[in-house]
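Please look over the sequence and the structure shown below. The notes after it go through the parts one topic at a time.

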Amino acid sequence: MRQYGYRIVDELVGHFVRLPRTRPISSATRKEMDRLLAEEAPEEGTDPEKVLDFVLERVLKNSDLLTHPKSFSFVPSPSNFVSVMADTLATGFNVFSGGWFLSPGSSEIEIVTINWMLKLFGFPVQEGGGLFTSGGSMANLMALTAARHLKCGEDFSKAMVYMSHQAHSSNLRAMRVLGFKKAQVRLVSVDENFAVDLSELSSMIEEDKRHGLHPICVLATAGTTNSGAVDPLDEVAKICQKEKVWFHVDAAYGGAAMLCKCGKERLIGIEKADSITVDPHKWFFQPYEIGCLLVRNQDSLFSTFSEHPEYLRDMKGSLEEINFFDYGIQLTRSFRALKFYMSIKTFGLASFREAVKRAFDLADEVQKWLEDRSGWEVMSKASLAVICFRYNPGGLDSEKLNAMNQFISDEMTRSKQAILVTTLLWNQVVLRMCLINPRTKFTDVQDVLLFCEKKAQEYLRST
Ligand SMILES: Cc1ncc(COP(=O)(O)O)c(C=O)c1O
């Protein structure tokens with residue numbers, strides 16, 4: 001066991017050390033992967049070291065590295081080694097983090113760390129609560145489930161939910177999972193900064209009420225995935241208070257901005273929400289899977305999710321001795337809180353604050369570089385460390401611009417040097433960078449932008 005474990009630790013350390021020198025992209029077709037891996041379940045065992053070699057070579061080498069300093073797309077996951085070890089520990093001890101009765105240690109750590117989060121977001125620690133989830137999608141699903149339960153009870157046929165069309169797709173999926181019809185979700189327009197249009201939101205709510213419908217929840221985003229936009233949270237809170245609807249904030253990636261002064265100022269009003277989604281496996285530098293749902297009043301989760309079957313009668317618990325299985329969807333839960341706890345204890349919150357602030361500064365630096373240099377057009381300014389831009393030397397129509405920027409991104413992927421894919425803003429193809437990785441240096445970004453310029457010139461010469 002020791003030999004096997006030490007070998008795996010060595011491989012992990014090697015992975016972290018080699019990371020900046022490794023290409024972050026692995027691409028393979030299904031056919032190629034089938035050739036490498038497809039087989040029947042083996043009846044006979046194999047030497048564990050050989051299985052490990054096989055996995056390292058054929059499986060792990062065929063995974064993109066989202067912790068890589070040149071991983072700019074989606075929401076990167078710049079994980080840290082302490083948390084990786086903490087996860088190993090939690091898995092090794094196979095801690096059941098469902099109920100107090102079976103694991104007071106892990107339950108207490110989850111209470112402690114959730115309290116840290118409540119405080120960070122300005123939620124009341126006494127009545128407030130929450131729990132760690134597999135990720136943001138699950139936290140959003142649980143928030144919408146609680147909103148529906150508390151505002152409608154069992155009949156939600158007239159319930160209406162509002163969010164901007166820039167809200168994350170997991171919220172639309174959650175609405176589907178919950179059995180809402182498409183027409184029960186109102187997608188509100190956004191302004192030039194991609195933040196929800198408040199007057200349209202208010203008039204939609206009024207119109208729906210006039211038609212006998214029942215507005216139950218407004219979902220605002222603090223850090224849209226597309227452009228890092230922040231909905232005007234304080235204003236949305238006022239509308240929610242007036243209309244007596246649930247106010248959920250999806251701050252899955254952006255929530256960590258609360259750690260630094262400039263981020264906290266952007267997120268004013270978040271403390272007025274009824275529930276908040278925030279993902280430690282994004283900008284809190286944790287390995288997958290750890291999301292988090294926070295609620296202003298923990299009874300809202302208990303009344304939505306608790307079930308008491310006879311086989312759990314000895315695990316009743318109490319208000320203080322929380323059974324986390326009563327507050328969410330999962331009964332059996334891994335000890336997710338441990339990695340969050342150990343990494344914050346080890347590095348200190350100040351290091352996290354500094355790392356988050358660095359991302360703000362880096363995004364501003366990249367924006368300035370793009371604005372000062374000819375040929376580039378910033379399409380959405382740096383917001384919570386996300387920036388969107390395109391190469392636009394002038395004189396090209398929008399179809400050609402789209403094709404050229406797609407070409408740049410495709411060439412980047414083909415080179416395997418950086419993960420830089422596109423998104424659409426106002427139907428225009430743009431390159432998008434999410435710069436939350438504290439290992440990313442400005443020169444990493446500059447290398448990639450210079451590569452993009454070279455590819456743009458190639459494209460222009462060839463057309
Ligand atoms: C704003 C937002 N909400 C929700 C999610 C979904 O989170 P997860 O992928 O952890 O399920 C994401 C993922 O990027 C996100 O950016």
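This is a predicted model: local features need pLDDT of at least 70, side-chain atom pairs count only at pLDDT 80 or more; totals for chains, interfaces and linings use all residues.

The domain assignment gives domain 1 (2-64), domain 2 (87-347) and domain 3 (351-462).

**Domains**

- Between the C-alpha centres of domain 1 and domain 3 the distance is 32 Å.
- Four residues from domain 1 and five residues from domain 3 make up the contact between these domains.
- On the side of domain 1 that touches domain 3, two residues are nonpolar, none is polar and two are charged.

**Ligand shell**

- The ligand has 15 residues around it, and those that come nearest are Gly135, Gly136, Ser137, His168 and Ala252.
- Helix α6 (residues 136-152) gives the largest share of this shell, with three residues.
- Sorted by class, the shell around the ligand holds ten polar, three nonpolar and two charged residues.

**Helices α6 and α7**

- Helix α6 packs against helix α7 (residues 169-177) at an angle of about 50°, and their axes are 9 Å apart.
- The crossing in which α6 passes α7 is right-handed.
- From α6, the residues in this contact are Gly136, Ser137, Asn140, Leu141 and Leu144, and they meet Ser170, Asn171, Arg173, Ala174, Met175 and Val177 of α7.
- The contact of α6 with α7 has five nonpolar residues, five polar residues and one charged residue.

**Helices α4 and α12**

- The axes of helix α4 (residues 81-93) and helix α12 (residues 337-347) come within 8 Å, crossing at roughly 140°.
- The two helices α4 and α12 are therefore oblique to each other.
- Helix α4 passes α12 in a crossing that is right-handed.
- On the α4 side, Val82, Ser83, Ala86, Asp87, Leu89 and Ala90 take part, and on the α12 side they meet Leu338, Lys339, Met342, Ser343 and Thr346.
- Six nonpolar, three polar and two charged residues form the contact of α4 with α12.

**Helices α14 and α15**

- Helix α14 (residues 398-415) and helix α15 (residues 442-462) have axes that come within 9 Å and cross at roughly 125°.
- These helices, α14 and α15, are therefore oblique to each other as well.
- A right-handed crossing describes how α14 passes α15.
- The residues of α14 that take part are Met404, Phe407, Ile408, Glu411 and Met412, and their partners in α15 are Phe451, Cys452, Lys455, Ala456 and Tyr459.
- In the contact of α14 with α15, eight residues are nonpolar, two are charged and none is polar.

**Backbone details**

- Which kind of peptide bond joins Tyr288 and Glu289? The bond is cis, with omega of about -5°.
- Glu289 sits in the loop between β6 (275-278) and β7 (291-295).
- Asn94 is not a glycine, yet Asn94 has a positive phi of about 50°.
- The loop that holds Asn94 runs between α4 and α5 (104-120).

Notes
Residues are numbered from 1 along each chain as its sequence is written. Axes are lines fitted to C-alpha atoms, for helices over the stretch in contact, and angles run from 0 to 180 degrees between N-to-C directions. Helices (H or I, at least four residues) and strands (E, at least two) are DSSP runs, numbered from the N terminus. Angles under 35 degrees count as roughly parallel, over 145 as roughly antiparallel, 65 to 115 as roughly perpendicular and the rest as oblique. A crossing is left-handed if the near helix is turned anticlockwise from the far one by less than a right angle, and right-handed if clockwise. Two residues are in contact if their C-beta atoms, placed from the backbone, lie within 7 Å. Ala, Val, Leu, Ile, Met, Phe, Trp, Tyr, Cys and Pro count as nonpolar, Asp, Glu, Lys and Arg as charged, and the others, Gly among them, as polar. Domain bounds come from an automatic or database domain assignment. A residue is near a molecule or strand if its C-beta atom, placed from the backbone, lies within 6 Å of it.
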